[in-house]
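Hi everyone, thanks for coming. Let's take a few minutes to look at a structure together.

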Amino acid sequence: MSERLPPNPRERINRARTINFSFDGKDVEAYDGDTIGSALHASGQKVLSRSFKYHRPRGLLCCAGQCPNCLVDVDGSPGVRACTEPVRAGIKVTHMNAKPSLDFDVMRATDLFGKPFTPPGFYYKTFIRPRRLWPLYEKVLRNAAGLGRLAKRQADREWRTEYRRRRADVLVVGGGVAGMAAALRAAELGADVVLMDDGPELGGAMLAGQDADSAKELAESIRAAGVEVLAPAAALGFFDGLVPAWQGNTLHQVRADRHIAATGSIEQPLIFDGNDLPGVMLCSGAERLASLYGVRPGETAVVATTTDRGLESALALQEAGIEVAGVVDARAGDGSEELLGALAAAGISVHRGTGVVKAFGRKHVRGVVVADLDDEGRPDPASKRGIDCDLVAVSGGTMPATSLLLQAGAKARWDEASGSYLPDGVPSDIRVAGAVAGHEPRNCAAKSGAVAGAEAALSLGLGSEEDRARLQADRASLLRETEGPAPAGQARTQDAGSRNGKCFACLCEDVTTKDIDYAIEEGFDSLELLKRYTTVTMGPCQGRMCQLASIRQMSEDTGASIEEVGLTTARPPWSTVPMGVLAGRPFEPAKRSAVHGRHRELGGNVMWAGDWRRAYDYGDVRAETMAVHEGAGLIDVSTLGKLVVSGPEAGAFLNLLYPNRFDNLKPGRIRYGVLGDDAGRITDDGTICRLDENSFYVTTTSSGADAVESWFSWWLAEWKLDVQLTDVSQGLSAFNLAGPRSREILSGLTELDCSNDSFAYLDGKRANVVGVPCLMLRIGFVGELGYELHCPGPLAEHLWDSLLEAGAAHEIRPFGLEPQRILRLQKMHILVGQDTDAESNPLEAAMPWIVKFEKEEDFIGRWALEAVAERGAENKLIGFTIENGTVPTEGAAVVVDGQPVGLVTSSRFSPKLERSIGMAWVPAALAEDGTTITVSDEGRQISAAVQTAPFYDPDQELLRG
Amino acid sequence: MSFLLTCPNCGEREVTDFAFGGEVVPRPSSKPSERELNTYNYFRRNVAGLQREWWNHRSGCRAWFLAERDTTTNEVRWVALPGA
Ligand code: FES
């Protein structure tokens with residue numbers, strides 16, 4: 001730890017406790033409180049990453065999570081910023097974008113070719129021909145592109161994120177002095193305030209400076225005032241008033257009535273050849289390293305600046321124990337006399353009217369070349385001279401962090417006096433405070449915050465007349481303090497003669513100033529186009545480090561003023577966030593029936609069916625199918641939607657919803673119903689049993705349960721009938737006991753007379769079965785004698801077990817979804833969504849009998865169906881058989897003369913009928929018994945015979961017997 | 001899209017609590033012409049401005065209600081249970 005400075009009172013590290021972790025397999029020793037980046041820098045590891053395109057070595061630049069330079073992989077999670085991520089014992093940190101190693105990266109070749117190897121658009125232009133080679137190109141390029149690697153296994157990249165919603169009166173984004181002052185004032189006036197900041201500690205820019213103690217005091221006082229502080233919690237964006245912030249495993253979604261943006265400003269880098277070399281750091285970055293972590297950013301520094309910030313920084317660095325070899329100030333005349341005096345007193349030479357034209361060194365800075373600048377800011381080649389150093393601390397002025405404000409609808413206005421874009425046209429529920437508003441100096445930032453906090457609270461009706469008066473006074477004094485000229489920013493200095501130099505405008509995407517020149521020459525001469533073509537501002541820094549630079553250069557190249565060039569809006573997320581956090585908890589709700597455990601025990605192949613987990617089969621589809629035909633079968637149909645519709649107008653209500661009648665259904669009888677909409681399209685189907693005069697038991701498809709409930713309640717809201725709707729889907733289980741011996745089995749378990757005379761087909765009866773109260777529906781979805789038993793969920797397991805036990809003597813078998821599909825297909829019972837689509841109506845879907853046009857009253861879909869009846873069916877759903885046993889793929893085309901005219905919706909081999917059967921949509925002209933249709937299936941042409949009556953038991957003798 | 005909506009039964013909630021039922025299109029009271037029927041089934045006014053629409057408090061009381069919302073600002077001006 002030779003690179004540590006003597007202890008200072010502001011440092012976050014605890015030198016008494018060391019922690020070890022590894023970087024690329026090597027052991028690194030850190031202090032408790034270090035970040036990965038500070039510890040690596042202290043250990044001598046100055047190169048942390050390789051750049052995106054040219055694989056150039058990169059090291060710490062901002063030390064504040066604002067740039068792309070320190071992205072590493074931590075324990076398999078890529079894209080972590082080393083400079084802000086706290087060190088934890090034992091973590092495995094690896095570099096991301098270099099092969100085979102950080103020290104030697106073969107892809108660096110792209111950088112070392114004489115000419116720029118990859119100008120903007122290079123990949124699009126180069127790898128487009130020949131087309132057939134694209135798959136090969138793609139493989140290589142994919143490998144070379146991107147930064148990190150995701151863990152291969154799903155389990156290794158899961159996040160467990162909780163969403164938390166928070167309502168507040170006032171949300172303050174940014175915990176610097178302005179943000180804290182705003183939060184404090186608003187809370188004092190009685191507002192419920194939330195403050196979020198991306199750093200672990202409140203204080204922002206104060207933390208690394210002389211005022212660190214007052215930052216701590218202020219942070220304590222806002223907590224005491226009841227402000228909820230979220231930190232570190234980076235605000236991700238502004239979404240119509242909702243501001244999400246990521247904090248560890250929680251995604252806070254904060255909605256406040258008033259917002260205060262105290263997002264501060266971002267120090268800008270300078271542009272010169274080699275400005276990306278490790279050792280070139282923002283002034284604030286170097287100060288943070290020294291001050292917060294006691295890490296020596298370098299031995300000998302050159303400070304290059306365009307504003308007074310650099311002068312302050314030079315003093316701070318020297319005080320921290322770093323030798324300052326000189327200050328290179330682009331301004332010839334401006335500059336605070338006070339600071340210049342202090343520098344002179346400290347023996348630091350200031351080169352005024354001078355700029356850095358080049359930083360040199362292979363993997364790290366060894367020195368800079370500086371030159372005098374003319375009036376235009378161009379370096380004079382004759383004046384070039386070198387200064388040795390291993391740290392270049394740069395400050396190209398600051399850029400207010402306006403991104404969130406722009407997302408909220410504000411505009412940015414170029415302010416010539418301060419040389420930056422300031423927010424303008426800010427929506428009325430938002431206040432700006434501190435540096436983002438141009439109120440940079442510390443005392444004025446605090447006042448700016450207090451004004452914003454008071455304005456927010458008072459606009460919510462809080463506070464008194466006195467508070468109003470105080471606000472007026474504060475406003476007036478703030479105005480006085482912020483008047484007057486601010487130092488101008490003149491950030492770009494480039495040696496016009498050095499053509500091979502790489503001056504990086506954008507570090508994330510490796511865009512050089514020359515790339516921007518090329519792009520503008522090619523015609524991409526508006527900022528929005530330039531952004532998309534070169535991808536400048538679109539990398540991990542989201543324009544923090546590069547937007548101003550690209551605007552300046554565009555202005556220079558095109559002659560447009562900076563104001564005319566304008567600003568682009570950074571899209572959310574404003575701060576880097578793992579996709580997993582946004583995806584929420586990796587959970588998929590699974591619905592399980594009350595007897596789910598039994599399916600497992602019986603060897604069921606459990607699969608997803610919508611949200612449900614259901615038994616596809618129990619290992620033998622054929623045997624299960626045959627058991628239903630020959631003995632008995634039992635299937636769990638608890639997934640069906642179940643609604644009780646009751647009230648004096650329940651019958652009338654159903655009459656309006658369904659195309660057939662229900663008011664004349666006798667209590668204890670069942671009728672099939674198809675639901676449709678006013679376009680006549682089938683949306684769901686099921687059976688309806690009239691329980692008594694005033695109530696009906698409606699079943700729906702499994703997947704349609706929610707939609708039907710919502711459809712019913714919507715029409716009920718519209719029609720306002722005297723009807724109650726109760727959804728009992730979750731509370732009741734249901735089993736279908738089917739097969740020729742089902743009556744015998746059931747008779748043994750209930751006192752009810754199950755004879756055909758007293759319990760006929762389409763009867764619904766209530767009785768106890770093995771003591772379990774059941775609603776028994778004698779229906780025949782699978783085509784054999786059968787009973788659907790609906791019972792309370794908690795008793796379902798007992799019923800299921802008893803049925804199987806009693807059925808054992810009758811060769812009962814549980815059967816799954818697949819056998820059920822075969823059985824129902826034999827009966828041509830449609831599956832809504834499988835055999836029908838969004839265009840199917842009951843007249844064409846082989847159910848004209850269900851539409852009762854003679855019904856007096858209106859029903860949903862009547863008019864559309866009348867139009868279909870008038871026009872005549874265009875297509876029809878029919879059955880088909882294939883003698884040779886070929887089973888065409890579901891979805892295969894029905895063709896006439898090689899042209900597709902229809903499609904197969906269901907197809908199976910029926911073990912009972914010993915042939916292939918299926919259903920298909922065909923033109924009405926082909927929908928005649930005995931017609932032969934041709935199915936084209938993956939190159940095969942298959943002949944099939946049309947059949948319109950059910951394949952099995954067409955006269956329902958078995959069903960009614 | 002993100003805004004607050006007030007359920008007439010439950011009060012103010014995040015819009016993600018609700019299901020959108022589309023703009024209110026009255027169902028013809030007697031047999032419409034084919035053009036009228038198609039207009040009712042398939043055409044929506046899709047105004048930029050104040051619109052009356054159906055909402056369902058799906059993750060709450062499950063009631064359907066009416067709301068008037070400015071489609072350009074998502075400001076909800078009025079909510080009520082139908083007929084209330
Ligand atoms: S050095 Fe870590 S983000 Fe800039």
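What radius of gyration does chain A have, and what would a compact globule of 961 residues have? Chain A has 38 Å, whereas such a globule would be near 30 Å; the radius is taken over C-alpha atoms, and the globule rule is 2.2 Å times the number of residues to the power 0.38.

A quick word on what you're seeing: this is a predicted model, where local features need pLDDT of at least 70, side-chain atom pairs count only at pLDDT 80 or more, and totals for chains, interfaces and linings use all residues. Residues are numbered from 1 along each chain as its sequence is written, and chains are lettered from A and ligands numbered from 1 in the order in which they are written.

Back to chain A: its C-alpha atoms fill a box of roughly 115 × 75 × 60 Å along the principal axes. You'll find 26 helices and 47 strands in it, meaning DSSP runs numbered from the N terminus, with at least four residues of H or I for a helix and at least two of E for a strand.

Now, the partner. In chain A, 16 residues are in contact with 18 residues of chain B, contact being C-beta atoms, placed from the backbone, within 7 Å. On chain A's side, α21 (705–719) and α25 (862–871) each give two or more residues, and α21(A) gives the most, with five.

Definitions and conventions:
Contact = placed C-beta atoms within 7 Å.
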